[in-house]
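Have the structure open as you read.

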Amino acid sequence: MGLYLKLVNNLIAGSYMLALAEGFTLAERAGLDLDVVTSFLSGGSIVSSPLSSMKSPMMRDGKYETQFRLSLMAKDLRIIEEECRALGVANFLSSLASKMFDSASRSDLGDKDMASIQELVRKLSGVRTS
């Protein structure tokens, strides 16, 4: 049961990280002050969470000091896909997150923090990456 609890947690975390990356990319493209976005997502938003507080500054600064490797999230999301398939559970968001994290892991982002998924989203959005 502990494994399934971890998978539930990482299904939500991986999907959330992808959404956070898209949100930061939208904010960047729209010309929002990323300090304001970081502050809002870290404490003033309905989606504020410890994960937002830890990862938003990384996304704002483009510095992904590893706390949880992107490649490990990619692995967990692959396992989640397998388990959802075996249990007959629809997994729309985590399936997309799995594909994105796999793609990022095959690039030079695998050893960086999972917040570096933002670099793949930025690249796919035509934003110059660091």
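H1 and H6 cross in a right-handed sense. Keep in mind throughout that this is a predicted model. The axes of H1 and H6 lie 9 Å apart, at an angle of about 50°, so the two helices are oblique to each other. On the H1 side, the residues that meet H6 are Met17, Leu18, Ala21, Glu22, Phe24, Thr25 and Glu28. Their partners in H6 are Ile117, Gln118, Val121 and Arg122. Sorted by class, this contact of H1 with H6 has six nonpolar, two polar and three charged residues.

Is Gln118 buried or exposed? Its relative accessible area is 2%, so Gln118 is buried. Residues up to four places away in sequence aside, Gln118 touches Ala21, Phe24, Thr25, Met59 and Tyr64.

Next comes H3, another partner of H1. Here the axes come within 11 Å and cross at roughly 40°, which makes H1 and H3 oblique to each other. The crossing of H1 with H3 is right-handed. H1 brings Ala13, Tyr16, Met17, Leu20, Ala21 and Phe24 to this contact, while H3 brings Leu51, Ser52, Lys55, Ser56, Met59 and Arg60. By class, the contact of H1 with H3 is made up of eight nonpolar, two polar and two charged residues.

What about H4? H1 and H4 pack with their axes 9 Å apart and at an angle of about 115°, so H1 is roughly perpendicular to H4. Their crossing is left-handed. Tyr4, Lys6, Leu7, Asn10, Leu11, Ala13 and Gly14 of H1 meet a set of H4 residues: Met73, Lys75, Asp76, Leu77, Ile79, Ile80, Glu83 and Leu87. The contact of H1 with H4 divides into nine nonpolar, two polar and four charged residues.

| Helix pair | Angle | Axis distance |
|---|---|---|
| H1 and H6 | about 50° | 9 Å |
| H1 and H3 | roughly 40° | within 11 Å |
| H1 and H4 | about 115° | 9 Å |

In soluble globular proteins, nonpolar side chains tend to be buried together. The largest nonpolar core of this model has 32 residues, and Met17, Leu20, Phe24, Met59, Phe101 and Ile117 touch the most other members. Helices H1 (2-30), H2 (34-44), H3 (50-61), H4 (70-87), H5 (92-106) and H6 (117-124) each give two or more residues to this core. Which helix supplies the largest share? H1 does, with nine residues.

Met17 shows how several parts of the chain come together. Setting aside neighbours within four places in sequence, Met17 is in contact with Leu51, Lys55, Met59, Phe101, Met114, Ala115 and Ile117.

A last stop is Asp113, in the loop between H5 and H6. With a relative accessible area of 0%, Asp113 is buried. Which residues surround Asp113, apart from its neighbours within four places in sequence? They are Lys55, Met58, Tyr64, Glu65, Thr66, Gln67, Phe68 and Leu70. Of these contacts, consider Gln67: Asp113 and Gln67 are 46 residues apart in sequence, yet their C-alpha atoms are 5.8 Å apart in space.

Conventions
Residues are numbered from 1 along each chain as its sequence is written. This is a predicted model: local features need pLDDT of at least 70, side-chain atom pairs count only at pLDDT 80 or more; totals for chains, interfaces and linings use all residues. Side-chain values use heavy atoms; hydrogens and water are left out. A nonpolar core is a set of buried Ala, Val, Leu, Ile, Met, Phe, Trp, Tyr and Cys residues joined through side-chain atoms within 4.5 Å. Buried means under 20% relative accessible area, exposed over 50%, partly exposed in between (1.4 Å probe, protein chains only). Helices (H or I, at least four residues) and strands (E, at least two) are DSSP runs, numbered from the N terminus. Contact means heavy atoms within 4.5 Å. Axes are lines fitted to C-alpha atoms, for helices over the stretch in contact, and angles run from 0 to 180 degrees between N-to-C directions. Angles under 35 degrees count as roughly parallel, over 145 as roughly antiparallel, 65 to 115 as roughly perpendicular and the rest as oblique. A crossing is left-handed if the near helix is turned anticlockwise from the far one by less than a right angle, and right-handed if clockwise. Ala, Val, Leu, Ile, Met, Phe, Trp, Tyr, Cys and Pro count as nonpolar, Asp, Glu, Lys and Arg as charged, and the others, Gly among them, as polar.
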